[in-house]
Amino acid sequence: MPVQANQPNSTTAAEWPKYQRSPDNNAVVERSNFAAHWTFDAKARVNSALAVVNETVIFDTFDGRVVSLNIATGLPEWEARGDNVMMSTPIVHNGKVYVGTGDKGVLGAKPTKWVYSAHGGQTWGRRAGDHIIAINLATGRQLWSYATVGEDMPSAVIAGGKLVFSNGDQNAYGLEPATGNMIWKTSLGGVSTMASANAFGSLVVFGICTGPTYNGSTVALSPKSGQIIWRSSYGDCDSSPTYANSMIFVSGVDGPSRRYGPGGRGVVAGLDSKSGHVIWVFRASEDGPYTTVGSSERAVAGAFADQIFYQAIPTSDELVAFDGKSGRVRWRLRTAGPVKMSPVITRGRLYVGDTTGVFYTVDSRSGKLLQAEAFDTPFSTSPPVIVGRTIIVAAGTTIHAFPI
């Protein structure tokens with residue numbers, strides 16, 4: 001139930017065009033005089049990023065619901081239902097909310113706890129297929145759905161007037177946002193499992209994986225035509241690329257590591273955004289396991305702010321700050337467990353949670369730990385959003401809003 005709330009002003013954007021709102025993946029919404037303190041139990045696991053539009057917070061759940069809450073009170077406004085697990089970011093554009101359904105697993109494989117397999121021509125998905133769904137922002141009424149063979153866990157992006165996404169059937173798609181009609185379809189040569197699309201200028205970029213060792217890479221294409229512009233051998237199908245200052249920042253792993261069975265060593269790279277050429281590369285000093293607590297991500301999207309790129313490395317339980325231009329390590333912070341969410345940064349502070357349930361407040365310039373607060377449940381892939389002086393973040397089944 002809500003504890004307290006100050007009514008927000010009217011400056012909140014009516015659009016949420018991608019994962020974490022902007023190409024730098026730093027989801028900070030400036031709203032003077034806004035503060036809220038509430039919790040909402042969704043009664044099902046939340047791994048999706050949050051979308052904040054107008055006076056609402058929108059997310060989706062593992063039991064196939066899209067939920068809209070009042071941002072000031074945390075009270076529900078509407079719910080919509082899909083036909084499978086949901087964990088994509090709700091994308092909001094022109095009064096519509098777009099979400100994808102889907103869960104992990106290789107089509108045709110026997111049921112298993114987790115699959116790291118040779119992708120080749122295989123498809124991540126289920127026999128019934130999955131869907132991209134459009135919902136009316138005001139009412140929660142479903143407007144249309146588009147069926148795909150592969151799972152649609154990765155978040156879409158609005159770019160070039162299209163709804164663009166990649167998924168588990170090794171393709172990227174461009175749909176007409178108003179109708180769901182397909183404009184183009186392009187083979188990427190690999191699957192996107194959780195890597196949300198990012199867009200900037202005249203490009204959309206995707207993280208994909210291929211081959212028997214789950215090799216990660218990044219693909220850039222035109223959102224208008226679907227034509228592939230460049231490829232890079234850095235990136236991962238679990239991790240969305242980050243864009244800032246004419247550079248793309250990607251994370252992935254060198255693996256597999258025999259020491260832990262399924263495991264690897266974290267790799268971070270800075271790429272030229274126009275060509276995909278490598279500018280700098282960082283490799284973690286040690287390898288580690290691919291854990292399944294909170295989620296099965298082996299790599300996660302970073303965030304950029306104030307000329308610094310901030311990247312969590314789940315396989316070595318650390319958060320690293322890089323000079324964006326040179327890749328020089330500014331600082332490193334060891335965490336109690338893997339961080340599988342993107343951080344947010346504002347007013348000299350960085351905020352992030354790990355899979356032990358610890359939520360960190362860090363001096364973003366020095367890396368000094370300022371505060372660590374223990375929650376009852378692990379933090380998963382759902383990253384924080386800052387609205388005014390309030391953080392909104394999911395842990396387990398609960399959405400928390402609290403002052404910073």
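# Contacts set against their cut-offs

Modeller: C209 is buried, as is C237. Buried means under 20% relative accessible area, exposed over 50%, and partly exposed in between (1.4 Å probe, protein chains only).

Colleague: What kind of model is this?

Modeller: This is a predicted model, where local features need pLDDT of at least 70 and side-chain atom pairs count only at pLDDT 80 or more, while totals for chains, interfaces and linings use all residues. Residues are numbered from 1 along each chain as its sequence is written, and side-chain values use heavy atoms, with hydrogens and water left out.

Colleague: Why do you say that C209 and C237 form a disulfide?

Modeller: Their sulfur atoms are 2.3 Å apart. The limit for a pair of cysteine sulfur atoms is 2.5 Å, so the pair qualifies. The structure holds one disulfide.

Colleague: What makes the disulfide of C209 and C237 left-handed?

Modeller: The torsion about its S-S bond is about -90 degrees, so the disulfide is left-handed. The pair links distant parts of the chain, 28 residues apart. C209 sits in strand β17 (residues 203-210), and C237 in the loop between β19 (228-232) and β20 (242-244). Strands here are DSSP runs (E, at least two residues), numbered from the N terminus; helices would be H or I, at least four.

Colleague: Why is the aromatic pair of Y310 and W331 called tilted?

Modeller: The centres are 6.0 Å apart, with 45 degrees between the planes. Rings of Phe, Tyr and Trp (its six-membered ring) pair if their centres lie within 6.5 Å; planes under 30 degrees apart count as stacked, over 60 as edge-to-face and the rest as tilted. So 6.0 Å makes a pair, and 45 degrees makes it tilted. Y310 lies in strand β25 (residues 308-313) and W331 in strand β27 (residues 329-334), 21 residues apart.

Colleague: How do you know whether Y310 and W331 are buried or exposed?

Modeller: Y310 has 0% relative accessibility, so Y310 counts as buried. W331 has a relative accessible area of 5%, so W331 is buried.

Colleague: How many aromatic pairs does a search of the whole structure find?

Modeller: The search finds 17. Ring pairs also link F249, W280, F282, F304, F309 and F322 into a cluster.

Colleague: What makes E30 and R347 a salt bridge?

Modeller: Their closest N and O atoms are 3.8 Å apart. A salt bridge needs a side-chain nitrogen of Lys or Arg within 4 Å of a carboxyl oxygen of Asp or Glu, so this pair passes. E30 is in the loop between β2 (28-29) and β3 (36-41), and R347 in the loop between β28 (344-346) and β29 (349-353), so the pair ties together parts 317 residues apart in sequence.

Colleague: Why is E30 called exposed, and R347 partly exposed?

Modeller: E30 has 52% relative accessibility, so E30 counts as exposed. R347 has 49%, so R347 counts as partly exposed.

Colleague: How many salt bridges does the structure hold?

Modeller: There are 12. Among them, R126 and D83 meet at 3.5 Å, N to O. R126 is in strand β10 (residues 125-136) and D83 in the loop between β7 (76-81) and β8 (91-93), 43 residues apart. Both are partly exposed, R126 at 27% relative accessibility and D83 at 39%.

Colleague: Which residues do salt bridges that share partners join into one network?

Modeller: D63, R65 and E79. D63 and R65 meet at 3.0 Å, N to O. R65 counts as buried because its relative accessibility is 6%, while D63, at 35%, is partly exposed.
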